[in-house]
Amino acid sequence: MSSFSAASGSAPSGSAPIAGVTPLSLCAREPHVPADRLVAEMVPPPRFDSVRFSTYLPDPNQPSQSEAVQVLEGFAAGLGEAPGTATGRRGFLGFGRSKAPKPPAGPRGVYLDGGYGVGKTHLLASLWHATPAEPSRKAFGTFVELTNLVGALGFQQTVQTLSGHRLLCIDEFELDDPGDTVLVSSLLARLVEAGVALAATSNTLPGKLGEGRFAAADFLREIQGLSAHFRALRIDGEDYRHRGLPEAPAPYSDEQVTRAAQETDGASLDAFPALLDHLARVHPSRYGALTDGVSAVCLTGVRPVPDQSTALRLVVLADRLYDREVPVLASGLPFDRLFGEEMLKGGYRKKYFRAISRLTALARDAARLVDAD
């Protein structure tokens, strides 16, 4: 459990209560997250609790999607060997000097490469669910959450904690922070030695031949000694969240957002500029805890994000809200105008488009808060 150093909050400055209860305020929260919670929460987020390979709907126009499902189903089945059946040390692919009767077929590491919204996280979570091992022996987290875990536990303790796992899934593997990438690469090398199978999705940096094989090569090169053990799967397709759906919904008025917040049990209400300032004072590893118990996030005065550091923090918050299926109701500018043209053409472009995609989906979910008035 996390704790907060401030009261649950009040309405943002200039927004007097209209009706109902006083909303929560994210700006009034400064959560403290113990390290053991970081470990315990390394499971697929609530949005992906019920996903399975059978619930993934491949686009018939994108054969790579169906191929990815088939490969991952086989990969999960290959992880079903009970621990301790082998005598002697075994290579990561199941080859080597092991006396096990039959090594698992195919590589023991997979890397999913593709654009945002093609269902990579759905497939990664489905792999976690399909792997025949107790939940305590499978770990699932984003690259950022994994680096946060190392920061909380220390490198050696993290190795010891994860070495007994059958599978480690890393969502949104980052290539934009060389230091963290090398740290995690070292961690993966130690886990591979311990027999942990790995799966990852990409967070491709644009400007390097798009989102294609070059990104996968970057990832594989970063984990030099492990590169031969990964099968890179390209997943093509358009953002499923926008297939046949309208663009970002038009924002509501300040009054509508405030009223909805005060009439929705567990909703938060904050001025968008104040929330951006607050995010700078809370470590991104705590953004999930920041939303504990929040049923909806209501924001007034949404405007363009002023700088890249602020934008990257907002991306992390958007990911945590999306994971937890927390609707976002807002006034001001629509979410597809959050990031300026220069940001959308820069090295973090993919992150920003993912945030727009996810916030847009959450904004559609929030429409019911106003329609219910």
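## Close-up views of a predicted protein model

**View 1. A polar contact at Ser331.** The side chain of Ser331 forms a polar contact, at 2.5 Å, with the side chain of Asp254. This distance, like everything else in these legends, belongs to a predicted model. Ser331 is found in strand E10, which spans residues 328-332, and with a relative accessibility of 0% this serine counts as buried. When residues up to four places away in sequence are not counted, Ser331 touches Pro251, Tyr252, Ser253, Asp254 and Val257, and also Leu299, Thr300, Gly301 and Val302.

**View 2. The whole protein chain, for orientation.** The protein chain has 373 residues, of which 50% are buried, and its secondary structure consists of 13 helices and ten strands. Among the contacts with a separation of 6 or more, 83% are between residues 24 or more positions apart. The accessible surface of the chain is about 16200 Å², and 52% of this surface belongs to carbon and sulfur atoms.

View 3. Strand E3 covers residues 109-114, and because six of its six residues are buried, the strand is largely enclosed by the rest of the structure. In a regular strand the side chains alternate between the two faces of the sheet. In E3 both faces are covered, with Gly109, Tyr111 and Asp113 buried on one side and Val110, Leu112 and Gly114 buried on the other. E3 runs parallel to strand E7 (residues 230-235), to which six bridges join it, and Leu112 stands opposite Leu233 of E7.

**View 4. The buried side of helix H9.** Helix H9 is formed by residues 272-279, and its buried residues are Phe272, Leu275, Leu276, His278 and Leu279. These residues lie on the same side of H9, because they cover an arc of only 160° around the axis. An α-helix has 3.6 residues a turn, so residues three or four places apart point the same way.

**View 5. Nonpolar cores, with Phe339 in one of them.** The largest nonpolar core holds 63 residues, and the members that touch the most other members are Leu123, Leu127, Leu338 and Phe339. Helix H11 gives the most to this core, contributing eight residues. Apart from this core lies another, of 24 residues, which include Met42, Ala139, Val150 and Phe230. If neighbours within four places in sequence are left aside, Phe339 is in contact with Val305, Ala311, Leu314, Leu344, Tyr352, Ala355 and Ile356.

**View 6. Asn148 in helix H4.** Asn148 belongs to helix H4, which runs over residues 143-153. The relative accessible area of Asn148 is 13%, and since residues under 20% count as buried, Asn148 is described as buried. The buried residues of H4 also include Phe143, Leu146, Thr147, Leu149 and Val150. Leaving aside neighbours within four places in sequence, Asn148 is in contact with Leu38, His283, Pro284 and Ser285. Just after H4 comes Gly154, which takes a positive phi of about 90°.

Technical notes
Residues numbered from 1 in each chain as written. Predicted model: local features only at pLDDT ≥ 70, side-chain atom pairs only at ≥ 80, totals over all residues. Heavy atoms only, no water. Helix = DSSP H or I, 4+ residues; strand = E, 2+ residues; numbered from the N terminus. Buried < 20%, exposed > 50% of the residue type's maximum accessible area, 1.4 Å probe, protein only. Contact = heavy atoms within 4.5 Å. Areas by Shrake-Rupley, 256 points an atom, 1.4 Å probe, with all protein chains shown as cover. Arc of directions from axis to C-beta. Polar contact = N/O pair within 3.5 Å; in protein donor to acceptor, adjacent residues only side chain to side chain. Core = buried A, V, L, I, M, F, W, Y, C linked by side-chain atoms within 4.5 Å. Pairing = 2+ DSSP bridges.
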